[in-house]
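Morning, everyone. I'll take you through one structure. Have a look at it first, then we'll go part by part.

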Amino acid sequence: VDLITDDSVNDFGQGKSKTAKALAECPYEGFWKLIREEVSEGWFVPSKSEWAAFAVNLNINLKNYSEFGLNDKYWAASASTTSHAHIADFSNVYKL
């Protein structure tokens, strides 16, 4: 599983394995330290493609995301570079 994912790559179904890989490769600091227990219980950070499928299937867009109780931005398990992750940005339709 490669954490760095090009925008054009469909990585649906890889959120759980990418979350596990990131936890294994990153020091337990910051964000990863906060979610370590949840991950050990089966929770994971969705990949960029999983976030996109979630938004499309529920018809979530920049006009209604707050009605679903969502914040505007969420991290994805897919990395865009060695130091940056993709994000699900519900306030910007072009970032999903």
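One cut-off before we start: a residue is called buried when its relative accessible area is under 20%. Keep in mind that this is a predicted model.

Let's begin with the aromatic rings. Y65 has a relative accessibility of 16%, so Y65 counts as buried. Which other rings belong with it? Ring pairs join W51, F54, Y65, Y74 and F90 into a cluster. Searching the whole structure gives five aromatic pairs.

Take W51 and F90. Their ring centres are 5.9 Å apart and their planes stand at 75°, so this pair is edge-to-face. W51 sits in helix α3, residues 48-57, and F90 in the segment after β2, so the pair ties together parts 39 residues apart in sequence. Both are buried: W51 at 12% relative accessibility, F90 at 1%.

Now Y65 with F90. That pair is stacked, with 6.4 Å centre to centre and 25° between the planes. Y65 lies in the loop between α3 and β1, so here the parts tied together are 25 residues apart in sequence.

Next, the strands. β1 covers residues 73-79 and β2 covers 85-89; they pair antiparallel over four bridges. Five residues separate them in a hairpin. Y74, from the ring cluster, has A88 in β2 as its bridge partner.

Last, helix α2, residues 30-40. Which of its residues are buried? W32, I35 and V39. After α2 comes G42, with a positive phi near 105°.

Note on methods:
Residues numbered from 1 in each chain as written. Predicted model: local features only at pLDDT ≥ 70, side-chain atom pairs only at ≥ 80, totals over all residues. Heavy atoms only, no water. Buried < 20%, exposed > 50% of the residue type's maximum accessible area, 1.4 Å probe, protein only. Helix = DSSP H or I, 4+ residues; strand = E, 2+ residues; numbered from the N terminus. Pairing = 2+ DSSP bridges. Phe/Tyr/Trp six-rings, centres within 6.5 Å; stacked < 30°, edge-to-face > 60°.
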